[in-house]
Amino acid sequence: MKHLQALQKTLLESSIGDRIVYTLVFLFPIAGMSVRHWLSGIFSLIAIISLPMLVKTAKGPLRREEKILLYIFLAFLFSFALSATLNGWTDNSIKRIGTEFKYLLFIPLYLLLRRNQSLDSFLFAGVIVGSILLGAQAVYDTYFHEWHRAVGQYGQIVFGDLAVLYFTITSFIAIQYKDSKCSRYLLIPLTMSLLSVYLSGTRNAWIALLVSLALIILLSRPASNIKNLSKVFLPTFLLTIFIAVLVSTTSQSQILNRFTTAISEVDTISNNQKIDTTSTLHGKSFQFRLEKWKVALRIFTEAPVFGYGAGNVGIHINRYVKAGKAHPDLYDLPSETGIGDTWNTYIDSLVHEGTIGFVIFLIFLIYPLYISIKLRSQNLLLSNIGIMFSINYMIFGLSENPFISDNASSVYLLFLAVIFSSLVTSKYDAFINSPHERKNN
C-alpha cells in the first residue's frame, strides 16, 4: 500500500506534463498484446512529447554512461545507413527506415525520460498489471479462440517474449519485497505471466524462461537463499501447473504438440539426418530456420565487410534457391520487395551490415548489460532487472529478430530508456549523498 501511496504522491507533486509522461509509461506495458497499436502508439506519443528535448536543456548534464549509450545508438544508425547506401537503397532497405527511425527517436525520448524521478516504479507497476491482463488474454486465445494457443494481436512469438520479460521483472520485485504484505498479491501476476509463456507455445520463449529462472536464482544470492526463493516460486509454479493442465485438457490446446514436435526436430538434427531437397521444410520450424541460417552465412562470405544492406537477405536467399544452391522451400516471393530476415538477429546483422555492423550491434547489446552489472552496488533491484532485460533480448534474437519488429522494438527502447536512466541516476545520487561528498561540499 505504501508503494501505491508513493506513486500517488509523485503524481500529485508533478507538473501536468510530467503526469502525462508518468501515466503513459504506466499504461505502456498493460495492454500491448490485447489492443492493436497499443505499444507503438504510446511509444509514438511519448516520442512526440520528447521532441522539444532536442532544443531544450535537459535536467542536468548528460553523464558519461549516458553519452556513451547515445553515441552507440548513433553508430548503430550510421551502420544501417552506410550499408544501405553502399548497396543502393532497395525497397527492402527503405521499408526498414520506419523501424530505424524509432532508434533515432530514442535520443529525445531518453532526454525526456531521464528528467522524471521514480519513472521505473510506474513502469514496473504497469508490468504487474499487464501480467494479469496478459494471462487473461492467453487463456482466452487458448480456450475460446480457434488458435488454441496464446497469440494476442501480434503473434505467439512476441506474446511469449513479452510474457518472459514480465515474469522476470515481477519475480525480482517479489523477491525484493518478499517480507512485505504486498508480496502475497504478486502471486497472481507471477502466475499469469508464467502461464502466458507456456500457452504461447513458443519454444524460444521456453528456453528464455529456463535461462531466466537459473539467473534469477543466481542473481538473488546472497540476498535471498533457496528457502526464501521457494516462498515466491513454489506457489506460483503449483498454481500455474494447475491452470495449465486445466486449460490443456478442456480445450484443443496445441501446446503439447509443440513439445513433441520440438523433440522430434532436435532428434533429427542430433542424429545428423541430412535434409534433402525432395523433403518439405514446411511445418518443420527448427529445420527450416537451420537451413536458412546455413544459406545466410554463405551469403555473408560474399560481402563480409559492409554486408548487403538492411532487409536484403531475402533477395539473396531467393537468388541461391533459383541457382539450385538452397532448398526450394526457402524461396519467399514477398521478401523480394519486403523486409527479409533469417529469424536470427545475429545472422541478420552479419548479412545486412557485415562485420563492421555486427561489431557495432554487439556493443549495442552488451553495453547496457555491462552498466547493469557494474552498478549492482547502487541499486540491486534495478541492476538485476537490467541484466535480465538485456539477456532476455539476446536470447530472443536467437530464433527471431525483435529489433526489426515495430512492437518488440518499442518495448526494448522504452524499457531500456527507463531502466538505464534510473540506474545511472541511482549511481550519481548515491555519490552526491555520500558522506565524503557532503564533507567536500
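## Helices around the second largest cavity

Helix H7 (156-176), helix H15 (380-396) and helix H16 (406-432) each supply at least two residues to the lining of the second largest cavity, where helices (H or I, at least four residues) are DSSP runs numbered from the N terminus. The structure is a predicted model, in which local features need pLDDT of at least 70 and side-chain atom pairs count only at pLDDT 80 or more, while totals for chains, interfaces and linings use all residues. Residues are numbered from 1 along each chain as its sequence is written, and side-chain values use heavy atoms, with hydrogens and water left out.

A cavity is, on a 1 Å grid over the protein atoms alone, a set of points where a 1.4 Å probe fits but cannot get out, and its lining residues have an atom within 4 Å of a point. The second largest cavity has a volume of about 100 Å³, a volume being the space filled by probe spheres set on the grid points, which are joined across faces, edges and corners. H7 provides the largest share of this lining, four residues. Among the lining residues are Met33, Val158, Asp161, Tyr393, Glu400 and Val411. By class, the lining has 10 nonpolar, no polar and two charged residues; Ala, Val, Leu, Ile, Met, Phe, Trp, Tyr, Cys and Pro count as nonpolar, Asp, Glu, Lys and Arg as charged, and the others, Gly among them, as polar.

## The largest cavity

The count comes to four cavities of 30 Å³ or more, and the largest of them holds about 130 Å³ of space. Its lining includes Phe76, Arg96, Glu100, Asp348, His352 and Phe403, and the residues of this lining divide into four nonpolar, four polar and four charged. Helix H5 (91-113) and H14 each supply at least two of the lining residues, with H14 giving the most, six residues.

## H14 beside H12

Helix H14 (residues 345-374) also packs with helix H12 (residues 285-300), and their axes come within 9 Å and cross at roughly 15°; axes are lines fitted to C-alpha atoms, for helices over the stretch in contact, and angles run from 0 to 180 degrees between N-to-C directions. That makes H12 roughly parallel to H14, because angles under 35 degrees count as roughly parallel.

In the contact, which means heavy atoms within 4.5 Å, Trp293, Ala296, Leu297, Ile299 and Phe300 in H12 meet Ile347, Leu350, Val351, Gly354 and Thr355 in H14. By class, this contact of H12 with H14 has eight nonpolar, two polar and no charged residues.

Notes:
Parallel < 35°, antiparallel > 145°, perpendicular 65-115°, else oblique. 1 Å grid on protein atoms, 1.4 Å probe; cavity = no way out; pocket = protein on both sides within 12 Å on 5 of 7 lines; lining within 4 Å.
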